[in-house]
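I opened this notebook to keep a record of what I looked up, in the order in which I looked.

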Amino acid sequence: MTDVVLVERDGDIATVVFNRPEKLNAFTKAMWKRLGQVVNELSLDTGLRCIVFRGAGDRAFSPGNDISEFANERSNSVQAEAYGMLMNKAIKAFRACSVPKVAMIKGVCVGGGLEIAGLCDIRICGESSRFGAPEALQKGIVNRIFADDAVEAEAMATARRIADGAPLVHRWHRKFLGRLADPKPLSEDEIKEAYACFDTEDFKTGYQAFLDKKKPDFEGR
């Protein structure tokens, strides 16, 4: 059986593909399970700098859950809870993943597909993309819109720029943004962590490259 979630690797960038183009990449129970596993696996890869998420083909990112599966997999509260637990595990994996994530959106992106896109850090879509929500750009649901035939190139170029940046700082920034959503005051240790980057090799590499007017080569240490 064809893998419903594919992982493609190009150096320090991974692309995760929702692989059900004949169903517009609608999510099944098996897809939610595998997606959570994939994100957890990629989170452990210290050589990874960015993850791009996309749907197979050009017609859809994903329309959400495959309703045709509900009669057998979500027909009562017990099944619905088991299904929901897999979804929640995948969502938790996204939130815990410190690697920057880019959603490459072509075509339809609604329901669970929009939820996954929303868990990414940057969302890049085409002019014909549809979200089931009016004024998606104004509401911040998407970050950038391009011609349909330019979406892939722009998303991968964005991933490349992210991957060329300092990976430790990317991960710190994502951690700090998540922490600031909690209203409790920062602890002394948390405040101190904000200065930990100054002890890294990447910090020295960064400022020296600036002074030398050269492109920095960050190593993540």
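**Entry 1: alanine 93**

I began with the contacts of alanine 93, which, leaving out residues up to four places away in sequence, touches Gly36, Val39 and Asn40. I note here that I am working on a predicted model. I placed alanine 93 in helix H3, and I count alanine 93 as buried because its relative accessibility is 3%, where buried means under 20%. I also took the C-alpha distance from alanine 93 to glutamate 22, which lies 71 residues away along the chain, and found 27 Å.

**Entry 2: another alanine in H3**

I then turned to alanine 80, which is likewise found in helix H3.

**Entry 3: the nonpolar cores**

I next asked which residues have the most contacts inside the largest nonpolar core. That core has 36 residues, and the ones I was looking for are Phe53, Phe61 and Ile116. I listed the elements that each supply at least two residues of this core, and they are strand E2 (13-18), helix H1 (29-43), strand E3 (50-55), helix H3 (77-96), strand E5 (101-105) and helix H4 (111-118). Of these, H3 gives the most, with 7 residues. Apart from this core I found another, of 12 residues, which includes Ile13, Cys50, Ala155 and Ile162.

I went back to phenylalanine 53 for its own contacts, again not counting residues up to four places away in sequence. Phenylalanine 53 touches Val16, Phe18, Leu35, Val39, Phe61, Phe94, Lys101, Val102, Ala103, Met104 and Cys120. I noticed that Val39 is on this list and also among the contacts of alanine 93.

**Entry 4: the loop between E7 and E8**

I looked at serine 129, which is found in the loop between strand E7 (122-126) and strand E8 (144-146), and I wrote it down as buried because its relative accessible area is 7%. With its neighbours within four places in sequence left aside, serine 129 is in contact with Ile105, Lys106 and Gly107.

Which residues is arginine 130 in contact with, leaving aside its neighbours within four places in sequence? I found Gly107, Val108, Cys109 and Val110, and Gly107 is also in contact with serine 129. Glutamine 208 is 78 residues from arginine 130 in sequence, and I read 45 Å between the two C-alpha atoms.

**Entry 5: positive phi**

I searched next for backbone angles worth a remark. Most residues other than glycine have a negative phi. Leucine 24, which is not a glycine, has a positive phi of about 60°. I located leucine 24 in the loop between E2 and H1, and I count it as partly exposed because its relative accessibility is 25%. Lysine 213, also not a glycine, has a positive phi of about 55°. I located lysine 213 in the segment after helix H8 (201-212), and its relative accessibility of 75% is why I count it as exposed.

**Entry 6: the whole protein**

The protein has 8 helices and 8 strands. Its radius of gyration is 19 Å, close to the 17 Å that the globule rule gives for 221 residues, so I recorded the protein as being as compact as a globular protein of that length. Along its principal axes, I noted that the C-alpha trace spans about 60 × 40 × 35 Å.

Of the 221 residues, 40% count as buried, and the protein exposes about 12,400 Å², of which carbon and sulfur atoms supply 54%. Among contacts between residues at least 6 apart in sequence, I found that 62% join residues at least 24 apart. For the charges, I recorded 32 positive and 32 negative side chains, with the centres of the two sets 2 Å apart.

Conventions:
Residues numbered from 1 in each chain as written. Predicted model: local features only at pLDDT ≥ 70, side-chain atom pairs only at ≥ 80, totals over all residues. Heavy atoms only, no water. Helix = DSSP H or I, 4+ residues; strand = E, 2+ residues; numbered from the N terminus. Rg over C-alpha atoms; globule rule 2.2 N^0.38 Å. Buried < 20%, exposed > 50% of the residue type's maximum accessible area, 1.4 Å probe, protein only. Contact = heavy atoms within 4.5 Å. Areas by Shrake-Rupley, 256 points an atom, 1.4 Å probe, with all protein chains shown as cover. Lys, Arg positive; Asp, Glu negative; His and termini not counted. Charge placed at Lys NZ, Arg CZ, Asp CG, Glu CD. Core = buried A, V, L, I, M, F, W, Y, C linked by side-chain atoms within 4.5 Å.
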